[in-house]
Amino acid sequence: MRAQPKASHFIDGEYVEDSSGTVIESIYPATGEVIARLHAATPAIVEKAIAAAKRAQPEWAAMSPTARGRILRRAAEIMREKNRELSELETLDTGKPIQETIVADPTSGADSLEFFGGVIASALNGDYIPLGQDFAYTKRVPLGVCVGIGAWNYPQQIACWKGAPALAAGNAMVFKPSENTPLGALKIAEILIEAGLPKGLFNVIQGDRTTGPLLVSHPDVAKVSLTGSVPTGKKVAGAAASELKHVTMELGGKSPLIVFDDADLESAIGGAMLGNFYSTGQVCSNGTRVFVQKTIKDAFLSRLKQRTEAIVIGDPMDEATQLGPMVSMEQRKKVFDYIEKGKAEGATLVTGGGVPNNVSGEGTYIQPTVFADVTDEMTIAREEIFGPVMCVLDFDDEAEVVARANATEFGLSAGVFTADLTRAHRVVDRLEAGTLWINTYNLCPVEIPFGGSKQSGFGRENSVAALNHYSELKTVYVGMGKVEAPY
Ligand code: NAD
C-alpha cells in the first residue's frame, strides 16, 4: 500500500500499534484505491497518549518561550523543505489537487508553526497592576493537556493550527485526525520530533466518533479544540462543559457573499468561485449563498457559467488539474442528494449537477455546480452542503440583503464585493459573522484571527488571539505591609 505509515499512532516520540483497534482504511478518493490500513485507538492507546502528554508538559512549560519557539520555527523550516512530499501525501489523503496542496496545505501549517514560534517570546506577557503600597501582577499559564480533533478537509493545516499555538503556550497535545484522512498528522508529529520537540508533547492517535469522546471526557484533559460540523460541536461542547473544560469550536457555515452592482464583475465571480469550488467546495468558510444584485444577475450568471465550465477536472496528481474528487463516496452522495433537492424545490440548474465524464468511475468526482433563482427557504440555501455547489440568490437593496444574509443559525464568515467602500464597511458591520472579507474571499493568513459566531462556534484560531485560548490568566496580589485584621 503506497501510503502505509509505520504504525497507526504516534505517541511519546514513536510510532505505536495496537492491532486490536477497529480497522480504518485510508482510501485515495481519485481512484478508490486503499492506500493504507490503520487501527482506531483502543482505550489503552488513549491512556498511553494522554499519560505521555501529561508527563512531558511541565518541563516544556518551564522552558523559556524563546527556546520553545525555536523548535517550532525549525519544524516550519522542515515542513517547507518537505513541501512536495507532504503535499503529495495531503493529496492522497484528501483527493485535493496537488496544484492546491502545494501552495495551501503544508505551507499553511508551516506558517502557523513559524508565526507562533516567533510571537511566543513576547505575546504571553502579563500585566503589572499598581495598588498603592501593594501591587499585583498577572501571568498567562498553559492549560496542560489539550486535545485537538480534526475534520478531513485540511488535515495537515488543522493539526498545525491547533498544535502550534498549543505548544507555543506551553501545553502538550493529543491530536485525533478525521477517520477519513488519518495520514498527514502523523507526518507533522514526526517533523516536530525531528525539529527537537521533546517526546510526548505532540501525539497523534487515530479514531472516529467513538474515539473522540474518550479524549473529551478524560479527566487529565484540560481543553478540547474541535474542527467539525455543528452537530458534532454540540456533542463535544456538551461533554466538555459537563467537566468544565475549555473549548474552541470551529464548526460549519452557510456564509453569505454579497455582490453589489458596482463591484468589479470578474473579481466578484473569481471570489465566488474560489469561495465555492476550492478544495472541491469542502471549506467551512465558503460563501455558499451568493447574493447578486438583480441589475447584474444576467451578466454575472453568464460569465460564471463560462468560467465554471472551463475548470479543469481530473487526476489530482496532475499539476494542471484544478478540481479533484470529494473526500469520500459518502460525502459525494450527500452532495448529490442536495443537488436533487435543489432541482425538486425549483432552483435553476445553471451548470454541473452530475459526474464529469473524463475521470475514473471509482473516483468520487462531481461537477462544479451552480444553481440560480435560489430562494431563502430552499434546503440548499439553508443547510451546509460541503461540496462544490454554489447557490445564487437575487436581491434588490442593501437593507434587504443584510437581513436575509443574517437569517441563518450559522455565523462563520461573510463577504462583500462593491466599489463603494463606505457601503462595504457599513455592510460588514451589520453582518453577523466571525470572519469577513471586503472585495476578496476566503483568505486566512495566520496573522488574522479566524473563527465563527452564532452556531458556527467560538474561540479563535490563528493570530495572537489563539494563544489566549490555550492559556489562562493567573493573578498574583503582593502585600508589601503588615496584615491589618479587625480581630
Ligand atoms: P464531523 O463533525 O463529522 O467530524 C469532525 C471530527 O470530530 C472527526 O475527527 C470525528 O471523528 C470527530 N467526532 C465525531 N463525533 C465526535 C464526538 N461525539 N466526540 C468527539 N469527536 C467526534 O466533521 P467532518 O465531516 O469531518 O468535517 C466537515 C465539517 O467540519 C463541516 O461542517 C465543516 O464546515 C466543518 N469545518 C469547520 C472548520 C472551521 O474552521 N470552522 C474547518 C473545516 C471544517
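Which residues does K454 touch, not counting residues up to four places away in sequence? In this predicted model, K454 touches N406, T408, E409, F410, G411 and E432.

K454 lies in the loop between β18 (435–438) and β19 (457–458). A polar atom of the K454 side chain lies 3.1 Å from the backbone oxygen of N406.

An unreviewed UniProt entry gives the annotation "binding site" to L244, K454 and G457. L244 is in the loop between α9 and β11 (246–250). L244 counts as exposed because its relative accessibility is 78%.

N406, whose backbone oxygen lies 3.1 Å from a polar atom of the K454 side chain, belongs to helix α14 (residues 398–406). The buried residues of α14 are E398, V401, V402, R404, A405 and N406. In a helix of this kind, residues three or four places apart point the same way, because an α-helix has 3.6 residues a turn. The buried residues of α14 pack against β12 (256–259), β13, β16 (389–395) and α15 (421–430). At the start of α14, a side-chain oxygen of D397 comes within 3.2 Å of the backbone nitrogen of A399.

D397 is also one of the residues that Q293 touches. Q293 sits in strand β13 (residues 289–293). Leaving out residues up to four places away in sequence, Q293 touches V259, F260, D261, F395, D396 and D397. Q293 counts as buried because its relative accessibility is 10%. A polar atom of the Q293 side chain lies 2.8 Å from the backbone nitrogen of D261.

The loop between α10 (265–277) and β13 contains C284. At C284, an unreviewed UniProt entry places the feature "modified residue: Cysteine sulfenic acid (-SOH)". C284 touches N153, L251, G253, E384, F386, L412 and F450, again not counting residues up to four places away in sequence.

**H39**

Is H39 buried or exposed? H39 counts as buried, because its relative accessibility is 15% and the cut-off for buried is under 20%. H39 is found in strand β4 (residues 34–39). The H39 side chain reaches the backbone oxygen of S19 at 3.4 Å, and a polar atom of that side chain lies 2.8 Å from the backbone oxygen of G21. Leaving aside neighbours within four places in sequence, H39 is in contact with S8, H9, E17, D18, S19, G21, T22, V23, I24 and Q206.

The largest pocket has a volume of about 1,100 Å³. It is lined by 39 residues, and those closest to its centre are W152, R209, G228, S229 and T232. At least two lining residues come from each of α8 (212–216), β10 (223–227), α9 (230–242) and α12 (329–344). Helix α9 gives the largest share, six residues.

The second largest pocket holds about 620 Å³ of space. Of the 27 residues lining the second largest pocket, Y154, Q157, W161, N442 and C444 lie nearest its centre. The elements that give two or more residues to this lining are α4 (98–104), α5 (106–123) and α6 (155–168).

The table sorts both linings by class.

| Pocket | Nonpolar | Polar | Charged |
|---|---|---|---|
| Largest pocket | 15 nonpolar residues | 13 polar residues | 11 charged residues |
| Second largest pocket | 17 nonpolar residues | seven polar residues | three charged residues |

Most residues other than glycine have a negative phi. Where is D12 found? D12 is found in the loop between β1 (9–11) and β2 (14–16). D12 is not a glycine, yet has a positive phi of about 55°. D12 counts as partly exposed because its relative accessibility is 25%.

N462 is not a glycine either, and has a positive phi of about 65°. N462 lies in the loop between β19 and α16 (465–468). N462 is buried, with a relative accessible area of 0%.

Notes. Residues are numbered from 1 along each chain as its sequence is written. This is a predicted model: local features need pLDDT of at least 70, side-chain atom pairs count only at pLDDT 80 or more; totals for chains, interfaces and linings use all residues. Side-chain values use heavy atoms; hydrogens and water are left out. Helices (H or I, at least four residues) and strands (E, at least two) are DSSP runs, numbered from the N terminus. Buried means under 20% relative accessible area, exposed over 50%, partly exposed in between (1.4 Å probe, protein chains only). A polar contact is a pair of N or O atoms within 3.5 Å; within protein, one must be able to donate a hydrogen and the other to accept it, and residues adjacent in sequence count only if both atoms are side-chain atoms. Contact means heavy atoms within 4.5 Å. UniProt positions are given in the numbering used here, feature names are shortened, and annotations may be inferred rather than shown by experiment. On a 1 Å grid over the protein atoms alone, a cavity is a set of points where a 1.4 Å probe fits but cannot get out, and a pocket is an open set with protein on both sides within 12 Å along at least five of seven lines; lining residues have an atom within 4 Å of a point. Grid points are joined across faces, edges and corners, and a volume is the space filled by probe spheres set on the points. Ala, Val, Leu, Ile, Met, Phe, Trp, Tyr, Cys and Pro count as nonpolar, Asp, Glu, Lys and Arg as charged, and the others, Gly among them, as polar.
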